[in-house]
Amino acid sequence: MSVVLSRRDVDFLLFDWLKAAELTERERYAEHSRETFDAVLDLSETIATERFAPINRLLDANEPVVGEDGKVVLPAELGEALAVYRDSGMSAGVFDADLGGMQLPFTVSQGAFAFFQAASAAAASYPFLSTGNANLLVEHGTPEQVQTYAVPVIEGRWYGTMCLSEPQAGSSLGDITTRAVRQEDGTYRLFGTKMWISGGDHELTENIVHLVLAKVEGAPPGVKGISLFIVPKHLVNEDGSLGERNDVALVGLNHKMGWRGTTNTLLNFGEGLATPGGAAGAVGHLVGDEGQGLAQMFHMMNEARISVGMGAVALGYTGYLHALDYAKTRTQGRIPGAKDPSAPMVPLTAHADVRRMLLAQKSYVEGGLGLLLYCARLIDEQATGADEAARTRAHDLLEVLTPIAKSWPSQWCLAANDLAIQVHGGYGYTRDYAVEQFYRDNRLNPIHEGTHGIQSLDLLGRKVIAGGGAWLATLVETIKATVARAAAADETADYAKQLDARVDRLVEVTGQLWAGGDPAVALANSAVYLEAAGHVVVAWVWLEQLLAVGARHDAFFEGKRAATRYFFAFELPKVDPQLDLLASLDRTVLDLDPASL
């Protein structure tokens, strides 16, 4: 049994439920087949298992350091593993063929990349961040910018970053102070500091392409004044060769609880340690128009947040598989009622409470994986749907589901990691077993790419009320269609009834929250709303999975039945008191004087 990720589950979700092979009937994916999809998944599983997983603990124990020459030092094994990934062509997976890409569906690409995220979140972060970087440039850059900066990233020769946050601003991007000064040659010179930049400096590739948010001198305050710039670590000559060092300086490395193999940096732009063209200031190239930086960045945010959610699922999933393997082989104690103290000890799986913890993990991680692959399928539908109505419907569903897809796995697959430690008992709290690292690595996911609180404000403050509630209505309509199918089958009828009642209650409470028209009151408990909505959505995903199981029976399918039963019995009822609290318009946090904390 693999302890990285369940290939059978990935195949079941991709092909039995989501019908990913049918995407090959569309023009964009016509060169592919189920066989090529299987080959991509096979290759990903092999490389992840043989090259990424073995170095996961090594990277955790050997954090990046700055050498005497000022260069970042990382274990050589990381570079070797990433070279294998690059040479496999996986870095080009979703990109157009004319850019050297494989033109894979995003659904299949996400399923494949999950193996790398499960095997080593830190190692996988370098190509993960670079894919987002190149995606943005392909979407918004000029043809010259795409060829000069995106193609080398797509080929895996360079890596890329997203430089958004600053020490004083955090997630409040309207308060950034990095400034961009226009130059006569059409370039800009950037001056400022960026914080928490993953992959911000290293020697793994010959160049790093930074995408930097900054404000042009004279720009309006707030987010409307933000522009986006390409700032390479090394300038690029007209023939594509590398030129002089740009004025981007590594100030220091941040030492994190997890993801220790990923360099996380504080960068100074325009410090003057390098003087490209004989002057201080980091040379930058404007992407699109001035003032469009945040819109450009958020255009790609759905894919980025879905990928973060998938990373949370992957870490929770591998933790579950490690705990399951341990529980099957570790013997301890005897079952209640056993009278013979000389009888052999039983495996941990014989104990009901251990089964509870394993089943909880299974329901979180397999439900989360289903949710994320469903959202990935929506991205493909949005891009290649048969008609405008299909594409619009996919867009609307994706908008309302993205905050949930990012935050629900980040909360509940982290909870799965917590339970994986508990299954190991005292051993789980030691470094002798991998589960403690999985927990530390996963603890980042509720924070980056928009915290849990930010996602809840996005869901309740924007997504469910957009267009007079049109996006939420599309989701409800979709869930109701599943309920109708499930209600017609004996095995699923009771689940359909339970889910239907919670969906109706969620819609009712959403209206009650906004009835008074006071955003402060409506959003005071938005995090509770996100958790309740997330559980309703994942219950729907489990019902969809059970319908896909049909009449099949073996250990795998019985596991799906058991996890569905658990989620509806133990998890879905949690939303009832949460929705009651929301309906009461509770003001506890609003009325609290911060001085009383």
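View 1. β4 and β6 (residues 208-216) pair in the parallel sense over two bridges. Strands are DSSP runs of E, at least two residues, and helices are runs of H or I, at least four residues, numbered from the N terminus. Two strands pair if DSSP finds at least two bridges between them. The model is predicted: local features need pLDDT of at least 70, side-chain atom pairs count only at pLDDT 80 or more, and totals for chains, interfaces and linings use all residues. Residues are numbered from 1 along each chain as its sequence is written, and side-chain values use heavy atoms, without hydrogens and water.

**View 2. The hairpin of β4 and β5.** Strand β4 (residues 179-182) pairs with strand β5 (residues 188-198) in the antiparallel sense, over four bridges. Arg 179 stands opposite Phe 191 in β5. Five residues sit between the strands, and Gly 186 takes a positive phi near 95°.

**View 3. Gln 145 in helix α7 (residues 143-154).** Gln 145 counts as buried, at 11% relative accessibility. Buried means under 20% relative accessible area, exposed over 50%, partly exposed in between (1.4 Å probe, protein chains only). A polar atom of the Gln 145 side chain lies 2.9 Å from the backbone oxygen of Leu 286. Leaving aside neighbours within four places in sequence, Gln 145 is in contact (heavy atoms within 4.5 Å) with Ala 150, Ile 230, His 285, Leu 286 and Val 287.

**View 4. Helix α6 (residues 121-140).** Of its 20 residues, 15 are buried, so α6 is largely enclosed by the rest of the structure.

Technical notes:
A polar contact is a pair of N or O atoms within 3.5 Å; within protein, one must be able to donate a hydrogen and the other to accept it, and residues adjacent in sequence count only if both atoms are side-chain atoms. The expected span of a helix is 1.5 Å times one less than its number of residues.
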